[in-house]
Amino acid sequence: MKISAILAGFWLLVGATLLVADPQELQVRVGGQSYSAGWVALLLAAWNLVRWWSVRSSGRQQRASDEAARRRERARREREVPPEERNPDFQFEDPPTS
């Protein structure tokens with residue numbers, strides 16, 4: 001999910017720009033206090049970084065789980081004893097060849 005990383009970078013840039021410029025028309029009023037809209041943009045950047053990290057971590061865990069399952073299956077197959085080859089002298093079920 002690369003889009004989350006891209007969006008995080010975008011919101012980080014927007015947030016930093018708004019905090020530095022601090023335009024009065026983009027102030028957010030909460031409980032009688034004015035806050036820069038840059039903080040909202042930084043919050044969105046943090047949210048997208050968490051989403052990106054979550055998807056990345058989940059994918060890594062899934063790949064590790066798949067690899068462990070493949071190793072278990074490979075070990076199980078190696079432990080299995082191959083069927084014994086039948087002795088052709090004692091095969092009474094088959095019709096005689098001559």
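Me: Which residues of helix α2 are buried?
Reply: This is a predicted model, with residues numbered from 1 along each chain as its sequence is written; local features need pLDDT of at least 70, side-chain atom pairs count only at pLDDT 80 or more, and totals for chains, interfaces and linings use all residues. Side-chain values use heavy atoms, and hydrogens and water are left out. Buried means under 20% relative accessible area, exposed over 50% and partly exposed in between (1.4 Å probe, protein chains only). In α2, the buried residues are A37, G38, A41, A45 and N48.

Me: Which elements are included in what covers those buried residues of α2?
Reply: Helices (H or I, at least four residues) and strands (E, at least two) are DSSP runs, numbered from the N terminus. A contact means heavy atoms within 4.5 Å. The cover over the buried residues of α2 includes α1 (2-21), β1 (27-30) and β2.

Me: In what order do the elements run from the N terminus?
Reply: The protein chain has two helices and two strands. Read from the N terminus on, the order is α-β-β-α.

Me: How many Å does helix α2 reach from its first C-alpha to its last?
Reply: Helix α2 covers residues 37-79, which makes 43 residues. The expected span is 1.5 Å times one less than the number of residues. For α2 that expectation is 63 Å, and the helix comes close to it, reaching 63 Å.

Me: Is N48 buried or exposed?
Reply: Let's look at its surroundings. N48 is found in helix α2, and it touches S4, L7, A8 and W11, not counting residues up to four places away in sequence. Because its relative accessible area is 4%, N48 counts as buried.

Me: How many Å apart in space are N48 and L7, C-alpha to C-alpha?
Reply: L7 is among the residues that N48 touches. In sequence, the two are 41 residues apart. In space, C-alpha to C-alpha, the distance is 6.5 Å.

Me: How many bridges join β1 to β2?
Reply: Two strands pair if DSSP finds at least two bridges between them. β1 and β2 run antiparallel and form a hairpin with two residues between them. V30 has Q33 in β2 as its bridge partner. The bridges joining β1 to β2 number four.

Me: Which residue in the hairpin turn has a positive phi of about 60 degrees?
Reply: Most residues other than glycine have a negative phi. D22, in the loop between α1 and β1, has a positive phi of about 45 degrees although it is not a glycine. In the hairpin turn, the residue with a positive phi of about 60 degrees is G31.

Me: Is S36 buried or exposed?
Reply: S36 is found in strand β2 (residues 33-36). Leaving aside residues up to four places away in sequence, S36 touches L18, L19, D22, L26 and Q27. Because its relative accessibility is 11%, S36 counts as buried.

Me: Which element gives the largest share of the nonpolar surface patch?
Reply: Accessible areas come from the Shrake-Rupley method with a 1.4 Å probe, and for residues only the protein chains shown count as cover. Here V28, V30, Y35, W39, V40 and L44 make a patch of about 540 Å². The elements giving two or more residues are β1 and α2, and the largest share, three residues, comes from α2.

Notes. Patch = residues over 30% accessible without salt bridge, like charges linked within 9 Å, V, L, I, M, F, W, Y side chains within 5 Å. Salt bridge = Lys/Arg side-chain N within 4 Å of Asp/Glu carboxyl O.
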